[in-house]
Amino acid sequence: MRSSYDAIIIGAGVIGTAIGLELARRGLKTFNVERHPAAGYGSTSSSCAIIRCFYSTVAASAFALEGYHYWKNWSEYLGVEDERGLARFRETGCLVLKTEANGKLKALLERMQEAGVAYEEWSRSAIGEKLPFWDLRLYAPPRLPEEAGFGEPDGAEIEGGVFFPQAGYVSDPQLATHNLQRAAEAAGAKFRFNSEVGAILKDEQGKIGGIALKTGERVQAPVVVNAAGPHSAKINALAGALDDMRITTRALKREVAHVPAPTPDYEACYFVTSDSDIGCYTRPETGNQILIGSEDPACDTRQWVDPDEYSRNFSEQVRNQVMRMAQRIPNLAIPGSIRGVVDCYDVSTDWTPIYDRSCVPGFYMAVGTSGNQFKNCVISGVLMAELIVACENGLDHDRKPMSLRGRYTGHVFNAGFFSRLREINSSSSFSVLG
Ligand SMILES: Cc1cc2nc3c(=O)[nH]c(=O)nc-3n(C[C@H](O)[C@H](O)[C@H](O)COP(=O)(O)OP(=O)(O)OC[C@H]3O[C@@H](n4cnc5c(N)ncnc54)[C@H](O)[C@@H]3O)c2cc1C
């Protein structure tokens, strides 16, 4: 191992590994440092890894559409073999219900047209045919099981929904990260595992000089990138980079349930769903299970935590979201002991990521991924690599934001959309939907 690189990336989750790959392909000598024993063992390993292109703004939707194309062309993008095999994108599509809560999707469909995202409108009877085990009555607002009115339909029925064919999921997000690692290594990138960053080094002018590991070992580089996931705020504090940030980040505990699927062919034949009437999303899960997550309705208490000190046990939350889903799927089998995952999102003020430089020369951040950026890992890596190269060559990105043309969609992205200095994105859902 060298002791000096062109860029150090803190974290080898799906975002940090993609940044390492894209920088290495631009000829930089990169070093991803990760405290876990392998790439993608942090919050990425718990990701539901749902790929979809609908977001609360045209910019975010177009960005996700660009990201989707990298999954469609995964093998070609990687350009290398992985001894563990390649992660698979299961393009199942995603059904979003039209509800009062999402304005019957009217505004969303206008955004989809502008962003070039494909969709089909489904009537209530079409939904009933595709999902014969669903109860199509409405239950809003989402409630806790012990609240009055829980499980009591309001008399109306689902009006319809919108099916997005360019959607699905990656069944193994850790493997996808390993694939990126192998591609990065083929481009010359280096990785160090079981190593924790304890300090960020600066020279006398305050410019980045490298990192110190907790062992005391020092590694030099003029560029350091924060891709530390739920630890992002701690790394920003270490770098002294918090001062000018209008948008900040913090860790939010999340619980996701895996319960037996309602039909024997669920994993093979069904798709992702988003149901704001009951505040849950689902997708098929390996072993013919159904994965159930929360869409952050008001009845769910947000559990903000210290990512180094929180319980990885389930709370009542997981049962609440499974019970809500059982309103839609009355024959859902709810085990006495629910299985699934507990982990953290790294949530930004407006649930939109920060892909940006910082007030510390040479220090960059790809943080605040807010439970919705697995899908965008590669396009985020591309954006960060372009940004770092441009800023290190003198671009004043804060005053004159960089733009980036999507290789697949041709869409021109204004990278200022992801700035730490932006006004809060008031169009955001302020939830995992972004
Ligand atoms: C339960 C859950 C469900 C999700 N579902 C979806 C979904 O369906 N679709 C979607 O698009 N997104 C989803 N996401 C979000 C997505 O998974 C994340 O945005 C993405 O994985 C974040 O990747 P990352 O590399 O930034 O973070 P991480 O994977 O957490 O990687 C950061 C790494 O930094 C390391 N690190 C931290 N501090 C240090 C240090 N001091 N020294 C060394 N290493 C350090 C950590 O060990 C960690 O491995 C979900 C997330 C969760 C938690």
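I begin with a definition: on a 1 Å grid over the protein atoms alone, a pocket is an open set of points with protein on both sides within 12 Å along at least five of seven lines, a cavity is a set where a 1.4 Å probe fits but cannot get out, and lining residues have an atom within 4 Å of a point. Grid points are joined across faces, edges and corners, and a volume is the space filled by probe spheres set on the points.

Now the caveats. This is a predicted model, in which local features need pLDDT of at least 70 and side-chain atom pairs count only at pLDDT 80 or more, while totals for chains, interfaces and linings use all residues. Residues are numbered from 1 along each chain as its sequence is written, and side-chain values use heavy atoms, with hydrogens and water left out.

The second largest pocket has a volume of about 480 Å³. Its lining has 24 residues, and A101, N102, S276, S429 and L433 lie nearest its centre. Helix 4, residues 106–115, gives the most to that lining, with three residues. Helices here are DSSP runs (H or I, at least four residues), strands likewise (E, at least two), both numbered from the N terminus. By class, the pocket lining has 10 nonpolar, 10 polar and four charged residues. For the classes, Ala, Val, Leu, Ile, Met, Phe, Trp, Tyr, Cys and Pro count as nonpolar, Asp, Glu, Lys and Arg as charged, and the others, Gly among them, as polar.

Helix 4 also packs on helix 2, residues 58–72, at an angle of about 55°, with the axes 9 Å apart. Axes are lines fitted to C-alpha atoms, for helices over the stretch in contact, and angles run from 0 to 180 degrees between N-to-C directions. Helix 2 and helix 4 are therefore oblique to each other; angles under 35 degrees count as roughly parallel, over 145 as roughly antiparallel, 65 to 115 as roughly perpendicular and the rest as oblique. Which residues in helix 2 meet helix 4? They are V58, S61, A62 and L65, and they meet R111, M112, E114 and A115, where contact means heavy atoms within 4.5 Å.

From helix 1, V14, I15, A18, I19, E22 and L23 take part, and among their partners in helix 10 are C377, G381 and I388. By class, this contact has 11 nonpolar, two polar and one charged residues.

How many cavities of 30 Å³ or more does the structure hold? There are two. The largest has a volume of about 80 Å³, and of its 15 lining residues, Y55, A60, T352, P353 and Q373 are the closest to its centre. That lining has seven nonpolar, eight polar and no charged residues.

The second largest cavity, at about 30 Å³, is lined by Y139, P141, P142, R143, F150, D277, I278 and Q327.

P141 comes up again in the backbone: a cis peptide bond joins A140 and P141, with omega about 0°. P141 lies in the loop between helix 5 (124–130) and strand 7 (160–164).

Last, N194 has a phi near 55°, a positive value in a residue other than glycine. N194 is in the loop between strand 9 (190–192) and strand 10 (197–202).
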